[in-house]
Amino acid sequence: MLFWQTKTMTMMYKKIARAINKADIDTHPCDYLNFFCLGKREKPPEALQMLKADTPASKMARHGRGMIYVHSKAMVVDDIYAIVGSANINQRSMDGRRDSEIAMGCWETMPGTENLVTDGHVQGLRKGLWAEHLGAYEDVFELPQSLECVKRVQELGAANWQRYVHNTAWQTSTEQDAGHMMRYPIKVSKSGDISAATQSSFFPDTTAPILGTKSSYLPSRLTV
């Protein structure tokens, strides 16, 4: 999964890089597209000694690290349109004869008109999600399309990642209450190429390579 995820991100960044080159402007693909993941520091469980030693679970627990998995999918477009659903982009969700899925899309108009509202409930959803996951909400977030906002979110995401991977024991509840939206640990070149942004090239406490590895026994066309 991580291998094909990396391939998808590379494809997207390279498309942006080609568009930048065609427009002949001095900018970077990460000024337009960024990826994040969720994780948090938390107090190690009291039953830590009951976990099997030298496993990813015991290492994460000992360091007070915990990944956050969210099954629902949400998209907010220009603070105007929002869609929240359960489907994945795979055969099981899209076939129509297998998994049951549900989604809701919404937008808001001015009373008595068809003019779309840009500062209503859809924007409120985006602001609430940003405040929850970044650990704060700042004035610069009012203009998410601005480069200043993009850079600030990158900074907060990078700081959250550094807090997550720091190899010190959990200290206080302040760490647990901090933001948990972390910048995905990759470096992106101006040409759109991707490399791991960590020295070990692995996610902490695991043997999972950040860029993934291609399976030697599953066919490339397999979709589950």
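Trainee: What is the mean pLDDT of the chain, and what share of its residues reach 70 or more?

Mentor: This is a predicted model, and the mean pLDDT of the chain is 86, with 91% of its residues reaching 70 or more. Where pLDDT is low, the predicted coordinates should not be read in detail. In this chain the confidence is lowest in helix 6, residues 173-177, at a mean of 53, and highest in strand 7, residues 186-188, at 96.

Trainee: How many residues does helix 4 have, and how far does it reach from its first C-alpha to its last?

Mentor: Helix 4 runs over residues 121-134, which makes 14 residues, and it reaches 20 Å between its first and last C-alpha, close to the 20 Å expected at 1.5 Å a residue. Just after helix 4 comes Gly135, which takes a positive phi of about 85 degrees.

Trainee: Which residues of helix 4 are buried, and what covers them?

Mentor: The general idea is that an α-helix has 3.6 residues a turn, so residues three or four places apart point the same way. In helix 4 the buried residues are Val122, Gln123, Arg126, His133 and Leu134. Because they cover an arc of only 110 degrees around the axis, they lie on the same side of helix 4. What covers them includes strand 1 (36-41), strand 3 (73-77), strand 4 (81-85) and strand 5 (103-107), together with helix 5 (147-165) and strand 6 (181-183).

Trainee: With which residues is His133 in contact, once its neighbours within four places in sequence are left aside?

Mentor: His133, whose place is in helix 4, is in contact with Leu38, Asn160, Gly179, His180 and Met181 when those neighbours are left aside. Its relative accessible area is 17%, and because buried means under 20%, His133 counts as buried.

Trainee: How many salt bridges does the count come to?

Mentor: Side chains of opposite charge can pair when their charged atoms come close. Here the count comes to ten salt bridges. One of them is formed by Lys151 with Asp31, with 3.2 Å between the closest N and O atoms. This pair links distant parts of the chain, since Lys151 is in helix 5 and Asp31 in the loop between helix 1 (2-23) and strand 1, 120 residues apart.

Trainee: Are Lys151 and Asp31 buried, partly exposed or exposed?

Mentor: Lys151, at 37% relative accessibility, counts as partly exposed, whereas Asp31, at 15%, counts as buried.

Trainee: Which residue forms a salt bridge with Lys127, and which with Arg152?

Mentor: Lys127 pairs with Glu142, the closest N and O atoms being 3.0 Å apart. Lys127 is partly exposed at 22% relative accessibility, and Glu142 is partly exposed with a relative accessible area of 35%.

Mentor: Arg152, for its part, forms a salt bridge with Glu138, where the closest N and O atoms are 2.9 Å apart. Because Arg152 lies in helix 5 and Glu138 in the loop between helix 4 and helix 5, this pair ties together parts that are 14 residues apart in sequence. Arg152 is partly exposed, with a relative accessible area of 26%, and Glu138 counts as partly exposed at 24%. Through salt bridges that share partners, Glu138, Arg152 and Glu155 are joined into one network.

Key. Residues are numbered from 1 along each chain as its sequence is written. This is a predicted model: local features need pLDDT of at least 70, side-chain atom pairs count only at pLDDT 80 or more; totals for chains, interfaces and linings use all residues. Side-chain values use heavy atoms; hydrogens and water are left out. Helices (H or I, at least four residues) and strands (E, at least two) are DSSP runs, numbered from the N terminus. The expected span of a helix is 1.5 Å times one less than its number of residues. Buried means under 20% relative accessible area, exposed over 50%, partly exposed in between (1.4 Å probe, protein chains only). The arc is that of the directions from the helix axis to the C-beta atoms. Contact means heavy atoms within 4.5 Å. A salt bridge is a side-chain nitrogen of Lys or Arg within 4 Å of a carboxyl oxygen of Asp or Glu. pLDDT is the predictor's confidence in each residue, from 0 to 100.
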